[in-house]
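Please look over the sequence and the model shown here, and then read the account that follows beside them.

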Amino acid sequence: MYRNLFIILVAAVFMVSCGGQTTASQDEQTVQQEEVKAKPAKVELSDFAVKAESLVGHEVVLEGTVIHVCKHGGKKMFITADDPDVRIKITTGEETAAFDTELEGSYVKVMGIVEAMEVEVEHEEGEDGEHEEDADHKNIYHKPQYSVSCVEYTVEETPGQE
């Protein structure tokens, strides 16, 4: 009888110890998955307009050349890549200092959170704001626009120059 009890006890200890290892490995996997989710996505500037809607509220990393810094407070800057028609608005975050106008022309790496921009469209007097959507009315003011609230940025070497 003691022999049977001993076998059952050994089997129970074995099962508990194996179950503990499974839980530990599951915890490790959960931590690894959270780290992957926590890493900001690197987005090419040329792809930003297409991907921005799905990235709202998420951290991203963008790289480009500063083409303009707002001279009235330095709260905004615009970066671009190879295509000068593609430019992304970067705003200062809650804990980010104003951008220095000397950044213009610098190549920067920006980490920030994608935000939807509210665009106000002014209407002429007497116009109620309703109009027919046709080819002439489809412009940037009728499309959702997005900016990036800067968490941090660094000035980098321009790619290809060493």
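A pocket, as the word is used here, is an open set of grid points where a probe fits, with protein on both sides within 12 Å along at least five of seven lines, and its lining residues are those that have an atom within 4 Å of a point. In this predicted model, the second largest pocket is lined by 14 residues, and those lying nearest its centre are E44, L45, E63, A81 and D82. Two elements, helix 2 (45-55) and strand 2 (59-69), each give two or more residues to that lining, and strand 2 provides the largest share, namely three residues. The volume of the second largest pocket is about 220 Å³, and its lining, sorted by class, consists of five nonpolar, four polar and five charged residues.

The chain as a whole can be described next. It holds two helices and six strands, which follow one another from the N terminus in the order α-β-α-β-β-β-β-β. Of its 162 residues, 23% are buried, while the accessible surface comes to about 12400 Å², with 51% of that area belonging to carbon and sulfur atoms. Among contacts with a separation of 6 or more, 67% are made by residues 24 or more positions apart.

| Residue | Element | Relative accessible area |
|---|---|---|
| S149 | strand 6 (residues 145-156) | 13% |
| V114 | strand 5 (residues 107-117) | 1% |

Is V114 buried or exposed? Buried means under 20% relative accessible area, and V114 counts as buried because its relative accessible area is 1%.

Leaving aside neighbours within four places in sequence, V114 is in contact with F48, A52, L55, V56, G57, H58, V60, Y146, S147 and V148. S149, when residues up to four places away in sequence are not counted, touches T91, T92, G93, G112, I113 and E115.

Finally, the confidence of the prediction deserves attention. The mean pLDDT of the chain is 77, and 66% of the residues reach 70 or more. Over residues 136-140, however, pLDDT stays under 50, and for this stretch the model has five contacts beyond four places in sequence.

Technical notes: Residues are numbered from 1 along each chain as its sequence is written. This is a predicted model: local features need pLDDT of at least 70, side-chain atom pairs count only at pLDDT 80 or more; totals for chains, interfaces and linings use all residues. Side-chain values use heavy atoms; hydrogens and water are left out. Helices (H or I, at least four residues) and strands (E, at least two) are DSSP runs, numbered from the N terminus. Buried means under 20% relative accessible area, exposed over 50%, partly exposed in between (1.4 Å probe, protein chains only). Contact means heavy atoms within 4.5 Å. Accessible areas come from the Shrake-Rupley method with a 1.4 Å probe; for residues, only the protein chains shown count as cover. On a 1 Å grid over the protein atoms alone, a cavity is a set of points where a 1.4 Å probe fits but cannot get out, and a pocket is an open set with protein on both sides within 12 Å along at least five of seven lines; lining residues have an atom within 4 Å of a point. Grid points are joined across faces, edges and corners, and a volume is the space filled by probe spheres set on the points. Ala, Val, Leu, Ile, Met, Phe, Trp, Tyr, Cys and Pro count as nonpolar, Asp, Glu, Lys and Arg as charged, and the others, Gly among them, as polar. pLDDT is the predictor's confidence in each residue, from 0 to 100.
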